[in-house]
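Please read the points against the model shown here.

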Amino acid sequence: MDCLFCKIASKEIPSDIVYENDEAIAFRDLNPQAPTHVLVIPKKHVDSISKTGEGDNLQALMAAAVEVAKLEGLEHTGFRLVINDGQHGGQTVFHLHVHVLGGRVMTWPPG
Ligand code: AMP
Ligand code: ZN
């Protein structure tokens, strides 16, 4: 399968990796939208959050995202986790990923 994030997970394509465990890998977004902008992905390919099923460990993915936020020093200031799904959600890369955003005050509502 020709998937950019699978290639990042297998290290075929280089990235700035900040965290990794058996289930997930986290790397800095190429086009950061905040002082901290890290993407956390499951190593096992799934297109999007809406395509996940029993074999997908979402608990591990979210726990990895929180771990990344702590490693980035965001535990006390707070941070934002974002998962975009499909066209209306603004998803552009079809390998599930959690955005970890922090280091500034986030606004609401999102665009
Ligand atoms: P989304 O719009 O939720 O699908 O997010 C995709 C994200 O992937 C965007 O924030 C991009 O900046 C980011 N991105 C695309 N290619 C790369 C790459 N090679 N390395 C790191 N981040 C990337
Ligand atoms: Zn993939």
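1. Two strands are said to pair if DSSP finds at least two bridges between them; helices (H or I, at least four residues) and strands (E, at least two) are DSSP runs, numbered from the N terminus. This is a predicted model, in which local features need pLDDT of at least 70 and side-chain atom pairs count only at pLDDT 80 or more, while totals for chains, interfaces and linings use all residues. Residues are numbered from 1 along each chain as its sequence is written, chains are lettered from A and ligands numbered from 1 in the order in which they are written, and side-chain values use heavy atoms, without hydrogens and water.

2. Strand β3 (residues 36–42) pairs with β5 in the antiparallel sense through five bridges, and Leu 39 stands opposite His 99. Strand β4 (residues 80–82) also runs antiparallel to β5, joined by three bridges; here Val 82 has His 99 as its bridge partner.

3. Strand β5 (residues 98–102) is largely enclosed by the rest of the structure, because five of its five residues are buried (under 20% relative accessible area, with exposed over 50% and partly exposed in between; 1.4 Å probe, protein chains only). Val 98, Val 100 and Gly 102 point one way, and His 99 and Leu 101 the other.

4. Which loop holds Asp 29? Asp 29 lies between β2 (24–28) and β3. Asp 29 is buried without a salt bridge (a side-chain nitrogen of Lys or Arg within 4 Å of a carboxyl oxygen of Asp or Glu). The nearest side chain of opposite charge, Arg 28, is 11 Å away; Lys and Arg count as positive and Asp and Glu as negative, whereas His and the chain ends are not counted.

5. The Asp 29 side chain reaches the backbone nitrogen of Asn 31 at 2.8 Å. Beyond its neighbours within four places in sequence, Asp 29 is in contact with His 37, Val 38, Leu 39 and His 99 (heavy atoms within 4.5 Å).

Note on methods: A polar contact is a pair of N or O atoms within 3.5 Å; within protein, one must be able to donate a hydrogen and the other to accept it, and residues adjacent in sequence count only if both atoms are side-chain atoms.
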